[in-house]
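Morning, everyone. I have one structure to walk through today. Let me put it on the screen.

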Amino acid sequence: MKHTLSVTVEDKPGALNRITTMFARRGFNIDSLAVGPTEREGVSCITLRVDCSRHTLEQIEKQIHKLVNVLRVTELVPGEAVERELLVVRVSAPGDRRAELVTTAQALGARLLDVGRESVVLELAGSPEELDGFHQLCEPYGVVDLVRTGRVGVPRASAERRVPRRLAAIR
Amino acid sequence: MKMTGGDAILRCLEAEGVEVMFGIPGGAIMPTYDAIARGTTVRHVLARHEQGAGHMAQGYARASGRVGVAIATSGPGATNLVTPIADAWMDSTPLVCITGQVRTPLIGTDAFQECDITGITLPIVKHSWLVQDVEDLAPAIKAAFHVARTGRCGPVLVDVPRDVQETVFEFAYPETVDLPGWRPPTKVHPLQIREAARAIAVARKPVLYVGGGTLNGDACEELFELAEAGTLPVVTTLMGKGAFPESHELHFGWPGMHGPKWSNLAMNTCDVLVAIGARFDDRVTGKLAAFAPGATVIHLDVDPAEISKLRSADIPVVGPLSSALASLATEVARHRADGVPAPEPWLDQIRAWREEFPLRYDANGAWLKPQRVLERLQELTAGTDVVVTTGVGQHQMWAMQYLLSERPRSFITSGGLGTMGYGIPAAVGAKAARPEATVVCVDGDGCFQMTAQELVTAVVEELPIVVVLVNNGYLGMVTQWQDMFFDGRRSHVHLTPDVPNYALLAEAYGGVGMVVTNEEELDDALAQALTLQRTVVVDCRVDPVEQCFPMIPTGAAAVDMLEYQPPAVEEAKAS
């Protein structure tokens, strides 16, 4: 089962490296990874997508939590968090099919970033599932390059304010 | 006060109360060694190899309960510390390693003796610092000591480029540590204690499974209180050996691969297993799925990540073991006072197993038996202030089985990493920590050659140790496995018992060498060695085919352990 972890860390050299090394050493796999600044100066957020059992997830959380630069580890629980991701894609779009592609893409909320003779570049920000759908839509036209940032997220504002789920042993 | 970074390192160590550091100078650490020459209250013990320095710092830490300090230069000096760092990581030994690094402008250019030691050691340190600005130096060292000894103990590394050591700056030792992300648990949840205490008190077949965390957490007195309050049987792991007095009637041996059968039967058939600073290592559990199948597991540890890592804990208790055990002792005593009976029938059962399945070996024959060496060492050191270190292998397991550790921090061994060659330098470090104690390294002939150069350190630095060399001329444990599990195909395990001539080698290093081939010689040599106050190697030529039993074969359930088997082959004894 897939889980999203949001890890806030001190913005110190090697902080990300320590987390990824720990994953590698303990045999955990990372599906996606996104790193960036937060509202607090000197604090970065690392969002990790992992595919593992609940038991392994707890192990991962506890092992991450032990790292000296790590400030907080929370799981972004599906339904209780808003998760977004950015996809940028270059799609092969010869003249006769271009209008159809661009119209459909824009109807889904994608933006046209660049236009060339043989292809166009589109971007879409949305939930990872929306991005999956958009990717499939582009496929028949011919995807030349596609990158995704990896998901980021925050707990829902509308959800009742609740303590983020923490591991049992240190609750 | 204005000073160089090198001087500042020493002022930091002094401020931390460091008494002794172990190291070797080299190019990138020279400004700091120059500062040592200008004066410091910290004693520097000059090792002959950085690995030796690291293990000495470990031996010092384990014998004293303080943080060990090792210092080395960049590149090969630093990489030679990798084994001790890994060892300290596996056994949770508080260790601060300070390494020189090439000048900051040269970092990343493949400069002479450059290596990315913070990168290399990333998976085996609690934390590390590459200090690129001298202003960060004192806070890094302060934080390093704090991290090494708080929570679950372990190794840290501070890498200091040479130009940082040379830079003059205004030094002040910080009073506080700025580590917002480092918050090891300091309190124990009272509800968990209450639940655990009830389960322990009403258990019909409880066992306290005591690991090295009990020693690291300075919780041995509290463990003693708990065991006595509840009349609870105690087994101590290899790393926990010494946490509970082993001649005490509630001590029931050591669990695991070469533990006595009665200890393993107790652990595996108990109804409540109380893991205390122990981590369900595969060498303890045997086949995990078959380990203690009927037991309710109470797991006490300062490291939450150990809880339910391998064996799911029914009652987790996270926090410092000293306060957890003290609270448990009080609560369990209250239950007993309320009339909940002590598990006397269970204790009788374990005693009966001890009678039925004692440690056995065949003392007959021409050869001196290795078990006999350990038995005699035990008899000759009983009641004295002795600290034992070991290497890794058969001799280590026999030392576990036959030496009774009565006091905390009196048995020092490489448990997790299984580092051959740990014994001699660890003994030198232990002697620096406990000069009044007799320090004995029980070593194998395979281990001996891996770090024998540190006998020089023992002699020159006047840190005398007694090496009891259990010399069977083989890499004994590997030989045993080849004989048992590889159809007896001996592959590169024969070392020869007399090349090198260990006694002569000891003399060459400035120590005393003795050779022992029978029990009479053994008694004389040990008696002498233990009183000489010199560095002595007692080369005990023992039966080369003796195997270490009992044994849980890899992958087997602990209850299916093999009992003593006389050697299937014989090797003739010369003269």
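Predicted model: local features only at pLDDT ≥ 70, side-chain atom pairs only at ≥ 80, totals over all residues.

Chain A, then. It holds four helices and nine strands. Along the sequence the pattern reads β-α-β-β-α-β-β-α-β-β-α-β-β. The C-alpha trace spans about 60 × 35 × 35 Å along its principal axes. Chain A has 171 residues, and 29% of them count as buried. Now look at contacts between residues at least 6 apart in sequence. In chain A, 73% of those join residues at least 24 apart.

Over to chain B, and its sheet. This is an open sheet of five strands, paired in parallel. The order is β10-β9-β11-β12-β13. The edges are β10 (234-236) and β13 (315-318) of chain B, each pairing on one side only. Ignoring direction, neighbouring strands are turned by 15° against each other on average. Zoom in on one edge. Strand β9 of chain B, residues 206-210, pairs with β10(B) over three bridges, in the parallel sense. Within that pairing, Y209(B) has V235(B) in β10(B) as its bridge partner.

What packs on this sheet? Helix α9 of chain B, residues 190-202, does. Helix α9 touches β9, β11 (272-276), β12 (296-301) and β13 of chain B. The direction of α9 makes about 130° with that of β13(B).

Last item: a helix pair in chain B. Two packed helices are described by the angle between their axes and the distance between the axes. Here the pair is α3 (residues 50-64) and α18 (residues 423-433), both of chain B. Their axes come within 6 Å and cross at roughly 45°. So α3(B) and α18(B) are oblique to each other. The crossing of α3(B) and α18(B) is right-handed. Which residues meet? From α3(B), they include G52(B), H55(B), M56(B) and Y60(B). From α18(B), they include P425(B), V428(B) and G429(B). By class, this contact has 11 nonpolar, six polar and no charged residues.

That's my tour. Questions, please.

Key. Residues numbered from 1 in each chain as written. Chains lettered and ligands numbered in written order. Axes fitted to C-alpha atoms, helices over the stretch in contact; angles between N-to-C directions. Helix = DSSP H or I, 4+ residues; strand = E, 2+ residues; numbered from the N terminus. Parallel < 35°, antiparallel > 145°, perpendicular 65-115°, else oblique. Left-handed = near helix turned anticlockwise from the far one by under 90°. Contact = placed C-beta atoms within 7 Å. Nonpolar A, V, L, I, M, F, W, Y, C, P; charged D, E, K, R; others polar. Pairing = 2+ DSSP bridges. Buried ≥ 20, exposed ≤ 12 C-beta atoms within 10 Å, placed from the backbone.
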